[in-house]
Amino acid sequence: MSETSWRAALTPPGPVIEIARTLEAAGFETWCVGGAVRDALLGHPHLDWDLATAALPKQVRKLFRRTIPVGIEFGTIGVLDERGTMHEVTTFRRDVQTDGRHAVVEFGASLEDDLARRDFTINAIAYSPTRRELRDPFGGREDLARGVVRAVGDPEARMREDRLRALRAIRFAARFDFTIEPATWRAIVESAPYLGRLSMERVKQELEKTREQVARPGRALRLWREGGALRTLVPALAHVSDVTLASLDAIPRPVKGVRPERKIDRLTALFAELAAPEAERILRALRFANADVAWIGGVIARWRELEPAIRAASRADEPVTDETIRRWLGRTGRTRARSVLRLAAARFAGERAMGGDAPTSSRMASLYRRAIRIAFRDPVEIGDLAVDGDDLRTAGIPPGPTLGKVLLLLLDDVLGDPSRNTRDWLLDHARTHYARLSGTGAT
C-alpha cells in the first residue's frame, strides 16, 4: 500500500482525533494502535479505535470530564465522548512479569516498548491521527501485504507470555485468509499442552469470536485440531472429522438482527458428531449459557434421530409427503425445526465437500421451505390440538400418565391427517385410545 493509500485508509472518527489532540496539547505523546489500525490498512471497517499514550491513568482522568476506569491497573481508562461513546486510552507499558495469561506491567515506557509487548506484527502498528504518521518497527505492513501472521520478536517467548495468543493467531489467520509464519506456528504447537491454563471463559470467548468473525471457521478449527489445541481444551473433539469442519463453512456467519438460534448454528454443527449429553456436558464446562446448551443438545438429539429418514427421503425419486414432514416436525417441535434442518443441510454439504454422496443443496433447500410452510400451517405439536388435558378430564379420562399418552396418540392421529383436528373427532377417539390403554373396553 502506497503512502497515499494508507493515508486515505486511516481515518479515525472525529472524537478519537480530539482525544489525541487533547492529550498531545498537554504534552503527552499519543497514537492509535491495535486492531483498528490493522483493519483500516486492510480496507476493513473497524469501529473501536484504541489509543496509547505517555500519560499516566491519573493524568488521563484529569484531562477529560467523563472517564471510566475500565482497567486502571493495566493503564486503561475509558474516555466518553459527547455522545457517550467510550474510547479506550492506555498508558505506554512494558511487561515485567507474566504467568502465561496475566501480566504485571510497568508504566513509563516508550511507544516502541509498548509495541514490542504486543502479540503479532500486524497488531503492532501505530498511527498518529494528528500528524498522520505511521510507526511500524516490526514490519507489520509488509506482513499484511504478504498475508502472514508473525509473532513480534521471539515466537516462543510471546506464547509463554500469554497462552491465548496461540488461539488468536489461528483466528487472525482464518479471518484474513493469511498463513502463519513457520516459526510462529511451531511456537503455537509447542504451546498447545499449556493451553489448559486458560480459563474456560477465555476459550469460550475465542470460540465465539471465531464463530462471529471468520467466514470459514472450519479452517480455524482445523488449525486448532492440527496444532493440538482441541486435544488440550476439548479432548472429545481432538479428532473431529473433516466433514464436521467442512459443515461449519456451509453455515453463514451470523449478522446483526438474525434470529437468536442462528447465532449458535455453527456451534451446534461443531458438536454435532458427539452424542447430545456429551455435547451438553462440554458446553457447560465451557461456560455457555444454560439456554444455549439445552437448545444445542436438543437440536443434536433430534438431528441424530431423524438423519437417516431425512437422508433417505431426500434421495428418493418420489417427493417427500406432507405427512412425512409433519411427523418429522412432531419430533423436532416447531421452534427447533429450522435449526435441525439447517444442521442437516450443513452436514450434507460437509459430506459433499469431502467427496461424499449426500443429498444436494437444492433438494435440502426445497425441503426446508416446505417444512417451514407446513410447520406454520398444520398442527404439529400437542399444543396445536383442538382439545387439551382439561377437555379430556371433562370427558371422563382421569388425570395421570395415561392421559398424557392419550394426547400423544391424538397428536399422531392429527399428524397423519390434519383434518382430524376437531374437538368432536378428538374427544371421540380419545375415549377409544383410553379404553385400549387402560384395558377397560369401550366407554
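**Aromatic contacts**

Analyst: In this predicted model, F120 and F172 are both buried.

User: How are the rings of F120 and F172 arranged, stacked or edge-to-face?

Analyst: The ring centres of F120 and F172 lie 6.1 Å apart, with 85° between the planes. Planes over 60 degrees apart count as edge-to-face. The arrangement of F120 and F172 is therefore edge-to-face.

User: How many residues apart in sequence are the parts that this pair ties together?

Analyst: F120 sits in the loop between α5 (111-116) and β8 (126-128). F172 belongs to helix α8 (residues 164-176). The parts tied together by the pair are thus separated in sequence by 52 residues.

User: Which residues form one aromatic cluster with F120?

Analyst: F120 pairs with F172. The cluster that includes F120 also takes in F172, F176 and F178.

User: Which residue lies over the face of F172?

Analyst: A charge counts as over a ring when, among other conditions, CZ of Arg is within 6 Å of the ring centre. The distance to the ring centre of F172 is 5.2 Å, and the residue is R171.

User: Which helices hold W303 and F348?

Analyst: The rings of W303 and F348 form an edge-to-face pair, with centres 6.0 Å apart and planes at 70°. W303 is buried at 6% relative accessibility, and F348 is buried at 0%. The pair ties together parts 45 residues apart in sequence, with W303 in helix α16 (residues 290-315) and F348 in helix α18 (residues 334-353).

Terms used:
Residues are numbered from 1 along each chain as its sequence is written. This is a predicted model: local features need pLDDT of at least 70, side-chain atom pairs count only at pLDDT 80 or more; totals for chains, interfaces and linings use all residues. Side-chain values use heavy atoms; hydrogens and water are left out. Rings of Phe, Tyr and Trp (its six-membered ring) pair if their centres lie within 6.5 Å; planes under 30 degrees apart count as stacked, over 60 as edge-to-face and the rest as tilted. Helices (H or I, at least four residues) and strands (E, at least two) are DSSP runs, numbered from the N terminus. Buried means under 20% relative accessible area, exposed over 50%, partly exposed in between (1.4 Å probe, protein chains only). A charge sits over a ring if NZ of Lys or CZ of Arg is within 6 Å of the ring centre and within 35 degrees of the ring normal.
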